[in-house]
Amino acid sequence: MAHTARRRGRPQLAPENRLVNEAPIAMRLAPAEKERTQQYAAQEGRSLGNFARLVYLKGLDQYEAERARTGAATA
């Protein structure tokens, strides 16, 4: 029987919010960008991937807000 107990302190995510590890996206950073990313990730106790995803999501929200202001069509 499969183990189904939830980890304590971790909320159960809705299916649309669960991460899929099947096809990661590579991102190239200049050395200075990578250093900054590593510093911020360490300060927040996050992995590089988790921090990069957080910054990506914030940037995506900003990008979409800018497109909405200019009247550009979304996907």
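Tutor: Let's start with a cut-off we'll need: a residue counts as buried when its relative accessible area is under 20%, as exposed when that is over 50%, and as partly exposed in between. Keep in mind, too, that this is a predicted model.

Now for the setting. The chain has two helices and zero strands. Of its 75 residues, buried ones make up 4%. The chain exposes about 7400 Å², and carbon and sulfur atoms supply 53% of that.

On to the spot you asked about. Helix α1 covers residues 31–44 and helix α2 covers residues 48–70. They pack at an angle of about 100°, and their axes are 9 Å apart. Angles from 65 to 115 degrees count as roughly perpendicular, so that is how α1 and α2 sit relative to each other. Who makes the contact? On the α1 side it's T37, Q38, Y40, A41 and E44, while α2 brings L48, F51 and L54. Sorted by class, that gives five nonpolar, two polar and one charged residues.

Zoom in on T37, which is found in helix α1. Its relative accessible area is 17%. That is under the 20% cut-off, so T37 is buried. What does T37 touch? Setting aside its neighbours within four places in sequence, T37 is in contact with L29, L48 and F51.

With a relative accessible area of 39%, L48 is partly exposed. Again leaving aside neighbours within four places in sequence, L48 is in contact with T37, Q38 and A41. Look at Q38 in that list: Q38 and L48 are ten residues apart along the chain, yet their C-alpha atoms are separated by 6.4 Å.

The side chain of E44 meets that of R46 in a salt bridge, 2.9 Å from N to O. As a general point, side chains of opposite charge can pair when their charged atoms come close. For this pair, the 2.9 Å separation is within the 4 Å that a salt bridge requires. Both partners are partly exposed: E44 has a relative accessible area of 43%, and R46 has 33%. A search of the whole structure finds one salt bridge.

Notes: Residues numbered from 1 in each chain as written. Predicted model: local features only at pLDDT ≥ 70, side-chain atom pairs only at ≥ 80, totals over all residues. Heavy atoms only, no water. Axes fitted to C-alpha atoms, helices over the stretch in contact; angles between N-to-C directions. Helix = DSSP H or I, 4+ residues; strand = E, 2+ residues; numbered from the N terminus. Parallel < 35°, antiparallel > 145°, perpendicular 65-115°, else oblique. Contact = heavy atoms within 4.5 Å. Nonpolar A, V, L, I, M, F, W, Y, C, P; charged D, E, K, R; others polar. Buried < 20%, exposed > 50% of the residue type's maximum accessible area, 1.4 Å probe, protein only. Areas by Shrake-Rupley, 256 points an atom, 1.4 Å probe, with all protein chains shown as cover.
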